[in-house]
Every structure is written in structure tokens, then in C-alpha cells.
Amino acid sequence: MVEETILGGPPRYTKAQVAEAAGVEVARTERLWQAMGFAHVGDDEAVFTDADVAALRALVQLVSAEVIPPELETAVARSLAQTMSRLAEWQVGIFRSILGEQFAKDLVTTAQFADAILPVMERMQGYVWRRHLAATASRELTEREETSADERVQVIGFADIVGYTRLIRDFTELQLARLIDGFEELATGVVAENHGRIVKTVGDEVLFVTDTAADAAEIALTLNEEIARAEELPPLRIGLARGSVLARFGDVYGSTVNIASRLTSVARPASVLVDREMAAALRGSPDYRLISVGPTKVQGFRGLRAWALRRGG
């Protein structure tokens with residue numbers, strides 16, 4: 001009942017029937033299904049709905065119109081699924097917290113709640129998506145430093161909670177959830193206020209990107225300052241690296257990302273480490289002070305030099 005409410009109709013098609021209705025091969029249908037993170041479906045299992053048929057047709061049309069290159073269709077499906085999966089987990093958590101024991105015991109009430117709230121959530125998702133799409137499009141249109149459609153010079157930053165493994169062991173689930181929520185709320189605000197963008201959060205770590213060294217420096221220093229004022233949040237380790245970055249399907253790749261990650265792993269609590277390129281971009285600014293910590297031993301990079309970043313004056 002709940003599943004039918006969410007999916008907008010009862011499951012009625014096998015994967016072969018879905019493929020036939022959309023006019024594609026079964027193998028392609030199954031490949032896309034698994035790219036979206038769903039388990040293998042047997043040949044005789046009728047688990048698909050009219051919405052699945054419509055979605056597959058839409059994707060096929062985008063590929064046929066060359067909006068999506070054929071070789072990238074599974075990557076597009078996988079990227080979309082990774083984003084939506086996390087969103088779905090959060091939304092089901094909301095259902096569970098509001099309904100309490102009724103969530104699992106009273107399926108009629110759960111279905112009625114889902115039927116009432118899903119249209120509102122869907123409208124909000126559409127609004128937020130369009131806002132982000134407009135901001136990203138505007139940024140891309142005004143970007144002057146990019147060397148190709150996907151590669152550009154940017155600053156990558158990692159902010160990592162110190163002692164997270166111990167916190168998992170010592171905290172209750174509620175305490176840990178409050179800590180993570182507080183950390184993500186603070187990080188989101190600081191990054192946005194200083195013209196940065198959060199690429200993703202993974203438990204105790206936030207990955208962000210900026211177009212300028214100064215913006216990244218402000219984010220890193222402000223994060224540590226705000227964390228110090230928030231008694232309930234542990235200190236952070238932060239690493240910043242500037243260089244060529246490959247942006248692909250909402251994520252970032254390349255040696256610059258790896259360097260920022262490695263610097264974060266060796267940074268002291270409540271400190272910021274930056275690489276050579278980042279230090280060069282900030283050197284001479286009265287707003288910042290750079291303290292050389294010499295060659296840093298990190299896995300995969302020999303002789304990586306690092307500087308501790310602090311406020312000027």
C-alpha cells in the first residue's frame with residue numbers, strides 16, 4: 001500500500017515488458033536499473049509501474065536527441081541515483097520521526113501521510129533544483145578561467161571532525177545525529193556566505209570548492225572560529241589545495257582533490273594546512289599569515305610542502 005502510494009500506482013510489469021513498452025533492449029533496461037542502485041530483478045518479477053516505463057522513455061528520448069551521449073547514460077543514471085538515494089533516506093527518516101510507532105504498525109496511516117506530504121516535497125525539490133540549476137548556469141556562463149568544459153583551476157577544501165571514531169563509540173545515536181546536524185548546518189552557512197559550494201558531506205567530513213584562494217581561506221578560518229564558539233562541536237582539521245580540478249556529474253576529481261584530502265589527514269586539530277599553489281595565491285595579503293611546516297609525509301605524494309594558514313596581524 002505504502003509503496004503503491006509513493007510510486008503512483010501498482011507494480012504490473014516485468015523488465016521485459018518495460019523494455020518493450022519503451023522500445024529498448026532488456027539488457028539496456030537492466031543496466032540502467034542497476035546503475036541507479038537497485039537490486040537485480042528476476043525475469044518473472046512484476047515490480048515495475050507505468051512511471052518506470054515513462055522514465056525509461058524519457059531517458060531514451062534524451063539520448064536519441066543527443067542531449068545525453070549514449071556512452072554517458074549509465075553515468076547520468078548513477079549520478080542522479082546517488083543524489084536521490086540520500087534524499088530519500090532523509091525523507092523516510094522524517095516520516096518515521098513524525099509517525100513514531102505508527103510508521104511500521106499502521107500502514108494505512110503511513111500511506112495517507114505519504115499521499116498528503118509527497119506533493120509538497122516534490123514541489124520543494126523542484127524549486128531547490130531550479131534555483132541550483134540557475135546558479136550553476138550563471139556561474140558557468142561567467143567563468144573565465146576554465147580550460148575546457150569540465151576542467152578549471154579551483155580551490156578544494158576538506159573539513160574533518162577530529163575524534164569522530166571515538167564519538168561514534170561514546171555517543172548515543174541521538175547525540176551523534178545532533179552533532180552531525182549541527183556541523184553540517186554550520187558548514188553549509190559558512191561556505192555559502194563566502195561564495196563557496198559544498199560538493200558533498202560524508203559523515204564527519206565536508207568537501208567544498210571555491211573559485212578563489214581568498215574565499216577558501218575565509219571559509220577555513222571562519223569554520224574553525226565558529227566551531228571554537230560552539231561548545232557542543234569538536235574541533236576540525238582542514239586542508240586546502242589549489243589547482244586543476246575535473247568537475248563531473250556533481251563531483252570533483254584530480255590530484256588537487258587528493259592533495260587537499262591528504263593535508264586534512266595530517267593537519268592538527270583546529271588548524272588549516274594549505275599546499276604550495278594555495279600559499280602562493282595568498283602570499284602578500286595582509287589578511288593572512290602563512291607558516292611553513294616543511295615537507296609533509298603523506299601517502300602518494302613525495303616531498304609535499306605545506307603551510308599553516310592563520311589570520312593576518
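**Note on the predicted model: helix packing and selected residues**

1. Start with a loop residue. Glu-66 sits in the loop between H4 and helix H5 (73-99). Helices here are DSSP runs of H or I with at least four residues, strands are E runs of at least two, and both are numbered from the N terminus. Glu-66 is not a glycine, yet its phi is positive, about 65°. Glu-66 counts as exposed because its relative accessibility is 70%. The cut-offs are under 20% relative accessible area for buried, over 50% for exposed, and partly exposed in between, with a 1.4 Å probe and protein chains only.

2. Basis of the values. This is a predicted model, in which local features need pLDDT of at least 70 and side-chain atom pairs count only at pLDDT 80 or more, while totals for chains, interfaces and linings use all residues. Residues are numbered from 1 along each chain as its sequence is written, and side-chain values use heavy atoms, with hydrogens and water left out.

3. Overall picture. The protein has 12 helices and 8 strands. Its C-alpha trace spans about 70 × 50 × 35 Å along the principal axes. Of the 313 residues, 36% are buried. The accessible surface is about 18500 Å², and carbon and sulfur atoms hold 54% of it. These areas come from the Shrake-Rupley method with a 1.4 Å probe; for residues, only the protein chains shown count as cover.

4. Contacts along the chain. A contact means heavy atoms within 4.5 Å. Among contacts with a separation of 6 or more, 65% link residues 24 or more positions apart.

5. H2 against H3. Helix H2 covers residues 15-22 and helix H3 residues 26-35; their axes come within 9 Å and cross at roughly 110°. H2 is therefore roughly perpendicular to H3. From H2, Lys-15, Ala-16, Val-18 and Ala-19 make the contact; from H3, Val-26, Thr-29 and Glu-30 do. By class, this contact has 4 nonpolar, 1 polar and 2 charged residues. Nonpolar covers Ala, Val, Leu, Ile, Met, Phe, Trp, Tyr, Cys and Pro; charged covers Asp, Glu, Lys and Arg; the others, Gly among them, are polar.

6. H3 against H4. Helix H4 covers residues 50-64. The axes of H3 and H4 lie 12 Å apart, at an angle of about 100°. These two helices are therefore roughly perpendicular as well. Axes are lines fitted to C-alpha atoms, for helices over the stretch in contact, with angles from 0 to 180 degrees between N-to-C directions. H3 brings Arg-28, Thr-29, Leu-32 and Trp-33, which meet Asp-52, Leu-56, Leu-59, Val-60 and Val-63 of H4. The residues divide into 6 nonpolar, 1 polar and 2 charged.

7. Thr-201. This residue lies in strand E2 (residues 197-202). Thr-201 counts as buried because its relative accessibility is 15%. Its side chain joins that of Glu-184 in a polar contact of 3.3 Å. A polar contact is a pair of N or O atoms within 3.5 Å; within protein, one must be able to donate a hydrogen and the other to accept it, and sequence neighbours count only if both atoms are side-chain atoms. Leaving aside residues up to four places away in sequence, Thr-201 touches Arg-86, Glu-184 and Val-206.

8. Gly-182. Helix H9 (residues 173-193) holds Gly-182. At 24% relative accessibility, Gly-182 is partly exposed. Gly-182 and Glu-231 are 49 residues apart in sequence and 11 Å apart in space, C-alpha to C-alpha.

Notes: Parallel < 35°, antiparallel > 145°, perpendicular 65-115°, else oblique.
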